[in-house]
Structures are given as structure tokens and as C-alpha cells.
Amino acid sequence: TCHALHSHHRPIYHSRHLECPPMGLETMKIDDFQLHASTTKRYGLGAHRGRLNIQAGLYEDDLYDGAWCAGRDDPLQWFEVDARRLTKFTGVITQGRSSLWSSDWVTSYKVMVSNDSHTWVTIRNGSEDVIFRGNQEKEIPVRNILPTPMVARYIRVSPQSWFSSGNICMRVEILGCPLPDPNNYYRRRNEVITTDKLDFKHHSYKDMRQLMKVVNEMCPNITRIYNIGKSYNGLKLYAIEISDNPGEHEAGEPEFRYTAGSHGNEVLGRELLLLLMQFMCMEYLSGNPRIRHLVEETRIHLLPSVNPDGYEKAFEGSELSGWSLGRWSSNGIDIHHNFPDLNTILWEAEAKKWTPRKTSNHHIPIPEWYLSNNASVAVETRALITWMEKIPFVLGGNLQGGELVVTFPYDKTRTQGVTRESTPTPDDHVFRWLAFSYSSTHRRMTDASQRVCHTENFAKEDGTINGASWHTAAGSMNDFSYLHTNCFELSMYVGCDKFPHESELPEEWENNRESLLVFMEQVHRGIKGVVRDAQGRGIPNATISVEGINHDIRTAADGDYWRLLNPGEYRVTARAQGYGLTSKKCEVGYEMGTSTCDFTIGRTNLSRIKEIMERFNKQPIRLPHSNKQLQAPRSRERRQGTS
């Protein structure tokens with residue numbers, strides 16, 4: 001009898017008593033030296049590549065491929081994990097090879113355990129070896145629970161049959177609970193303990209709403225919950241605002257945003273934002289000076305789930321959701337890359353030498369076609385755009401998953417048909433600094449010993465990369481934010497594993513907590529000020545230009561502005577329609593905190609004359625149309641004079 005508990009559709013969360021968490025092949029907690037195999041086809045398909053959900057490169061080369069593949073196809077092959085300590089093994093998850101070109105997966109296997117890697121015990125059910133049912137295709141992970149948990153140091157998966165037109169190739173995760181071992185050096189070294197008393201679990205939509213309510217009730221004076229719109233399936237897109245005056249924009253106070261979950265299956269960002277709001281509320285109440293300063297000087301907005309529909313799909317089981325289940329919105333749109341492509345509009349205008357006179361280098365309008373009802377634009381994207389236009393955000397980060405890197409715009413390559421080339425914005429130096437402020441304070445992003453998630457080694461680039469030099473993407477949220485609003489937006493890819501197990505959340509919080517705070521603090525870097533008229537009133541929509549940087553920004557409703565800049569001396573000009581222009585030198589220091597640079601600009605003569613004429617109910621002077629128009633008011637005056 002072949003006994004295989006093939007519990008593919010049962011969510012992992014509800015069977016905690018049976019199961020141990022994943023040991024960390026996917027999250028890289030298990031390092032390359034702990035993975036072994038009987039034989040290997042070639043280095044790029046070695047045991048170190050046999051990790052659940054690992055992705056192959058586009059061009060499958062020798063270094064990075066999408067699975068462990070055996071050197072020979074026979075039932076004597078095996079893939080082995082050394083837990084380095086006694087472990088209670090409870091289950092195995094397998095997947096086929098990640099590949100565009102070949103179809104390889106294992107359809108059945110045996111499991112063996114050992115304490116010394118010489119004597120092996122095959123898992124049996126009564127007197128028979130258990131043959132576990134494997135994969136039916138390459139992407140959907142299949143989980144098998146062992147009939148009884150086994151305690152050992154080593155575990156082997158031994159393929160018995162495989163897809164007839166393919167080879168023995170697999171990606172694996174092992175479920176296991178390490179037994180307590182005070183003398184174990186490896187474990188002590190890798191242990192990360194968090195002291196923050198937070199709610200470390202995966203939150204369904206209902207749980208998320210409930211948690212936000214709890215935070216709001218704990219800190220009613222500094223938080224406000226609101227929603228920016230609805231998802232395709234009608235779920236509200238909830239945001240929480242953290243500020244000492246929730247609900248209003250304070251002149252001179254910058255606005256910051258974090259969003260997460262635009263890809264519904266990349267769930268770590270969502271949990272990090274839920275942890276961040278709890279943490280900030282508790283630390284504010286306990287008087288932490290750093291958090292108090294942030295809350296009092298900044299208006300912070302956290303939107304943990306941009307794509308709740310996709311999340312509900314992926315939530316069916318973390319280890320079993322595959323690489324892309326729940327990524328898109330309910331009607332199949334990739335929200336993060338669903339914004340209008342303004343890059344092309346700007347670059348074509350630059351080629352025709354239309355900038356800056358005919359076409360502006362900032363606040364580029366959204367094209368007509370994009371606004372029409374039959375454009376394939378997700379309702380979630382439209383809600384984000386309205387939100388981005390309404391609030392004068394200065395800096396933003398969107399949390400993604402499946403890699404360890406921070407990317408900054410542009411995300412689209414300038415040369416057509418080229419899939420990757422460095423495409424910097426005029427603010428490249430500022431963006432590089434912002435990206436580095438996150439990656440360098442992350443516990444693993446710039447760690448030289450951190451191994452590659454999939455195929456790219458970002459640690460040697462300081463854990464940051466220009467989006468277009470990684471892979472081109474038109475219509476990204478980052479490019480749109482930069483070209484249509486004042487806000488500088490970056491993407492943080494916060495972990496190799498898109499859907500880490502609940503047991504990983506405390507460590508992931510420790511990995512990201514400092515970065516999340518440091519990045520928020522960068523909103524106070526550069527210059528800020530108010531542009532006023534001669535009467536001292538703030539002028540909205542005035543343009544702020546920095547000499548040598550071909551990207552302007554605009555003032556908010558009260559005439560206040562923020563311009564992110566690296567330390568240095570800058571010549572800055574303020575201008576507005578109907579006003580003259582004023583320039584001055586503004587200096588940005590190295591210490592934290594924005595330098596104030598205010599402007600007062602006077603009306604131009606022509607706009608003054610127009611205003612006076614309009615006030616006296618006269619037509620503004622229009623240059624020669626036909627004399628009749630100019631004479632008409634005069635004859636009216638004459639009549640008024642004679643009456």
C-alpha cells in the first residue's frame with residue numbers, strides 16, 4: 001500500500017500541531033554547505049539550487065539554474081539536507097525545475113533519515129516503504145506529511161519515478177523542528193531574537209482590519225484610518241496615517257508613504273507594515289525620542305495591502321502558493337506596472353528639444369487614452385493615482401518580495417528593445433543615497449556572505465540597483481511617481497521568500513526594522529520652504545528648479561515645498577505663472593534635518609494690469625482681434641455717461 005498524505009489544499013496554518021515550520025531552504029537559512037546530492041548534471045544544477053521556488057535565469061547558464069538535477073536518471077539518486085542538529089522532521093514539499101525550455105519533475109519518491117549519514121532508515125508504513133506522490137507539473141508545490149514524525153540529523157529525498165520526457169530534477173523544502181541543543185554552535189550563531197512584543201502572524205483581510213483598529217484605539221491622538229478606494233472584488237484599500245495632527249496637512253511638514261502588497265503573493269511587506277504601525281504606536285506611548293520626533297515632524301501613511309484580492313488567493317497556504325499565485329489583481333493586471341508610461345512622452349519631447357518650454361520636465365500630465373473607461377487599468381491603480389495626486393508626498397517606498405535589493409528609477413530603459421541598461425534620472429545621486437540608506441541598514445542585504453536569492457548577486461552592488469539595469473518595465477509606480485508628482489519612490493525587495501512562514505516573521509522584522517525607520521527619516525534631507533507673494537500668502541503650484549538638475553517640483557496648496565537633495569550648495573529658483581522669478585543659494589548640510597529656503601516673488605506688470613482690469617469689470621486687454629470688440633465697451637461707457 002502506498003501511503004501518501006498528499007494534503008495539497010489544506011492551509012498550513014490550521015495544522016500547526018501536526019507540522020513543523022519549513023527549515024529554510026527557500027529563505028536561505030539553510031546554507032549551501034548543508035545541501036548534498038548523489039550526482040549532479042552540472043554546477044548550475046547542483047544541490048545548492050534545489051531550493052523551493054528558486055528561479056532560473058532567463059538564459060539558463062552554468063551558474064544559476066532552476067533546480068537540483070541528478071547526473072543520471074535512475075532510482076539510486078538522492079538529495080540530502082544536513083540539519084546540523086537533531087531535528088524532528090514532519091514533511092517534505094517538492095516542485096519541478098524552473099525553466100522556460102525544459103520540463104523536468106519527480107512524480108514519486110521515498111524519504112530516508114540518518115544520524116551519521118552512513119546508516120539510513122527508509123520511512124515505512126508498517127512493513128512497506130512509503131512511496132510519496134510527487135509533482136504533476138513543474139510549478140505547483142506538493143506537500144507530503146510523514147506518517148509519523150522522525151527525529152534525525154540528516155534527511156534524504158530519493159526519486160523513484162519522474163516525468164517520462166524529462167529528467168530527475170527537483171526543488172525542495174523540508175518541514176522540521178530543531179530539538180533544543182544548548183551546545184549547538186551553529187544554532188546560537190544564527191538565532192535572532194526579537195524583544196518587540198508585536199503580533200507576529202499572517203493577517204487575513206479581516207485580521208488586518210482588526211489590527212489597524214486596535215492600533216488606532218491604542219493611539220487615537222496620532223493615528224487615523226481611512227481608505228483610498230476599493231479592489232476589483234470590493235475590498236476597501238485601508239491606510240493608516242501616523243502624525244501628531246492626523247487628518248490634516250500641516251504647512252512645512254513633509255508627507256511620507258509606504259505601500260505593500262501590490263503583488264498579492266508577496267506578503268512580507270504587508271506584515272512588516274502591520275508590525276511597523278504597532279511598533280510606532282507603542283514606542284510613541286513609551287516616549288521613545290526617535291519615534292516621537294518622527295511622528296511630530298512627519299505625516300506618515302502606511303497602506304499595507306494594495307491588492308487584497310490577490311492576497312486572499314495566495315493566503316491559501318504559504319509554502320504551497322507557488323511563485324505567482326495571487327500576484328495579479330482579480331482581473332489579471334500587474335498593479336505595480338499598470339501606471340501610464342510617461343517616460344516615453346518625456347523622452348520624445350526631449351529628442352524634439354521641446355523641454356522645458358513646450359513640455360515640462362515634471363508633473364507630466366496623464367495621457368487621454370489612459371483615462372478612458374475602456375483602458376485596461378486596474379481599479380486599484382486608479383485609486384493609487386488619485387491618492388498620489390491628492391497628498392503632496394515627498395518620499396515613498398513600496399515593499400515587494402522574492403529578492404533582496406532596493407531598486408530606484410528609472411525602471412524603463414531609454415533605448416527601445418533593450419531589456420537592461422542603466423537609465424538614471426536627473427536625481428540619480430539622491431536616489432542612490434536613498435536606496436543605500438535602506439539596504440545598508442538591513443541586516444542581510446549588503447552582507448557579503450548572504451548567498452544569491454535566485455540568479456543575481458546584488459550584495460556586491462551595495463544591495464541596490466537602477467531598475468532598468470535589472471530588467472526594463474514600462475509604467476512602473478516608481479517612474480510614474482517621479483514624473484507625475486513630487487514624490488521620489490523606490491522599491492524594496494525585502495526577502496528571497498515571497499511568503500515566509502509565520503515562524504520567520506520575528507527574524508524578518510529584525511532584518512527590516514532599522515531600514516524602515518532610517519528610510520522614513522530621509523524625508524528630512526534636502527531643502528524645504530514656502531513660496532509667498534508680496535502680501536505673504538503662500539502660492540500653490542509654483543515651480544522650484546535646482547540648477548544642474550533637470551527635474552523640477554511644485555509647491556503644495558499652502559505654497560510649501562520639499563526638495564530632496566544630497567549635501568552641497570545649490571542655486572534654486574522659484575517661479576509661478578503671473579509672477580516674476582527669484583533665485584538664491586541654498587545649502588544642504590550633512591547633519592539630519594532639512595535646510596529652510598523660503599522665497600517671496602512679486603507679480604509681473606502684465607498680470608497686475610489684467611487683475612486691475614478684471615476687478616473693474618473690464619475685459620482684459622486682448623491684442624487686435626477686430627476693432628468692433630475694442631469699441632463695444634467704449635460705446636457702453638459713453639451711453640452710461642450720457643444717461
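Here is a short tour, from the overall layout down to single residues.

Keep in mind that this is a predicted model. The protein chain is assigned three stretches of interest, listed as domain 1, domain 2 and domain 3.

**Domains**
- Domain 1 covers residues 32–178, while domain 3 takes in 527–616.
- Domain 2 is pieced together from 226–249, 260–270 and 278–503.
- Between the C-alpha centres of domain 1 and domain 3 there are 63 Å.

**A buried charge**
- Glu380 sits in helix 8, which runs over residues 379–390.
- This glutamate is buried, and yet Glu380 has no salt bridge.
- Arg382 is the nearest side chain of opposite charge, but at 9.3 Å from Glu380 it falls outside the 4 Å cut-off for a salt bridge.
- So who does Glu380 touch, leaving out residues up to four places away in sequence? The contacts are Lys230, Ser231, Tyr232, Leu237, Val306, Asp309, Ser329 and Ile335.

**A nonpolar patch on the surface**
- Leu58, Tyr59, Leu100 and Trp101 together make a nonpolar surface patch of about 560 Å².
- Look for Trp101 in the loop that links strand 4 (79–95) to strand 5 (106–114).
- Is Trp101 buried or exposed? Its relative accessible area is 63%, so Trp101 counts as exposed, the cut-off being over 50%.

- Met28 isn't a glycine, but its phi is positive anyway, at about 75°.
- You'll find Met28 in the loop between strand 1 (5–6) and strand 2 (35–37).
- Met28 has a relative accessibility of 9%, so this residue counts as buried; the limit is under 20%.
- Asn53 is another non-glycine residue with a positive phi, in this case near 65°.

- Which two residues are joined by a cis peptide bond? They are Pro409 and Tyr410, and omega there is about 5°.
- Tyr410 belongs to the loop that goes from strand 17 (403–408) to helix 9 (428–439).

Note on methods: Residues are numbered from 1 along each chain as its sequence is written. This is a predicted model: local features need pLDDT of at least 70, side-chain atom pairs count only at pLDDT 80 or more; totals for chains, interfaces and linings use all residues. Side-chain values use heavy atoms; hydrogens and water are left out. Helices (H or I, at least four residues) and strands (E, at least two) are DSSP runs, numbered from the N terminus. Buried means under 20% relative accessible area, exposed over 50%, partly exposed in between (1.4 Å probe, protein chains only). Lys and Arg count as positive and Asp and Glu as negative; His and the chain ends are not counted. Contact means heavy atoms within 4.5 Å. Patches are made of residues with over 30% relative accessible area and no salt bridge: like charges are joined within 9 Å, nonpolar side chains (Val, Leu, Ile, Met, Phe, Trp, Tyr) within 5 Å. Accessible areas come from the Shrake-Rupley method with a 1.4 Å probe; for residues, only the protein chains shown count as cover. Domain bounds come from an automatic or database domain assignment.
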